[in-house]
Amino acid sequence: MRSAIEESVGALGLSSPNPPVGAVIVSPDGEIIARGHTQPPGGPHAEIMALRAAGDAARGATAVVTLEPCNHTGRTGPCSQALIDAGIARVVFAVADPNPTASGGAGRLRDAGVDVESGRLDVEARTGPLRHWLFTQEHGRPFVTAKIASTVDGRVAAPDGTSRWITGPQSRARAHRQRGQIDAIVVGTGTVLADDPSLTARLPDDTLAPHQPVRVAMGLRDVETSARIRDDAAPFLQVRSHDPADVLAALPEATWVLVEGGPAIIGAFIDAGLVDEIEAYVAPTVLGAGAASVDRPALTTLAQAQRFVTTDVERLGDDVLIRMARD
């Protein structure tokens, strides 16, 4: 199952609004003979990719899948039937499909005489690449991560506006890997006008990553056609509103949205109760003045603070990445 979870990472960003699923085909003697992950909408699901790679060797083998095989015909046929037709003898999956339209694959497989085991590494799979899709299924909106890159005293820019670079190359490389997995990245029009960011996902050789998020500018000010955020490297969307809920509503197929700033935009999402996770990159640098990482002008007392719980701490070169979930 861990191999299937690892395989599912390749579907992050590509499969939305479908779940990022991974599948492996295991021979009767326990050898992994094929792998696959969900392709972009309209393309094959993970099970189909793995079955194609396995060929005739799938007959009598075991399919290990991170999510219950689907049981409906949409843009593609039901994966449960494809597994039956391929002669798969056993199916092991981690998470039951919560979508009533697609669920029921386990029952169809059992009815066809296939041995089915559910719940294998359920928690690990739920907290892996499926996490954001499962959240969207439950809450009806994308999972929102707020990204902060600041000095140790919480500054994201010096008084003169300079901010490149506060964090080091390892932090920036991780941020680009993440951009290649998310569905959309949000900044304010103020950030666009001040910094002219491209907001693309880039590989270590500085070429564009295969998947690019939708670049969203939030705010009422016009974004010039010459702005880098509007080039042809990735999709662009302007949401002419100061309401974070309007931004999420404009992204109906997204399951994971990254909010990068500036401080007022992150503050607005926090005030709206729409930040599910914070990733704070903290550099061992002190400014002592300049823009704070979050701006919540309506806050007057500690009792109004939004509390988060630390879930992970990772060192990236000289920087520290602190991941926090909503309390």
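**Rings and surfaces**

Guide: There is one aromatic pair in the structure. Phenylalanine 135 and phenylalanine 143 make up this pair, which is edge-to-face. The model is a predicted one, where local features need pLDDT of at least 70, side-chain atom pairs count only at pLDDT 80 or more, and totals for chains, interfaces and linings use all residues. Residues are numbered from 1 along each chain as its sequence is written, and side-chain values use heavy atoms, with hydrogens and water left out.

Visitor: Why is the pair of phenylalanine 135 and phenylalanine 143 called edge-to-face?
Guide: Rings of Phe, Tyr and Trp (its six-membered ring) pair if their centres lie within 6.5 Å; planes under 30 degrees apart are stacked, over 60 edge-to-face, and the rest tilted. Here the centres are 5.3 Å apart and the planes make 85°, so the pair is edge-to-face.

Visitor: What makes phenylalanine 135 count as buried or exposed?
Guide: Buried means under 20% relative accessible area, exposed over 50%, and partly exposed in between (1.4 Å probe, protein chains only). Phenylalanine 135 has 14%, so it is buried. Phenylalanine 143, with 5%, is buried too.

Visitor: And what about tryptophan 165, buried or exposed?
Guide: Tryptophan 165 has 57% relative accessibility and therefore counts as exposed.

Visitor: How do you know that lysine 147 lies over the face of tyrosine 281?
Guide: A charge sits over a ring if NZ of Lys or CZ of Arg is within 6 Å of the ring centre and within 35 degrees of the ring normal. Lysine 147 is 5.7 Å from the ring centre of tyrosine 281 and lies over its face.
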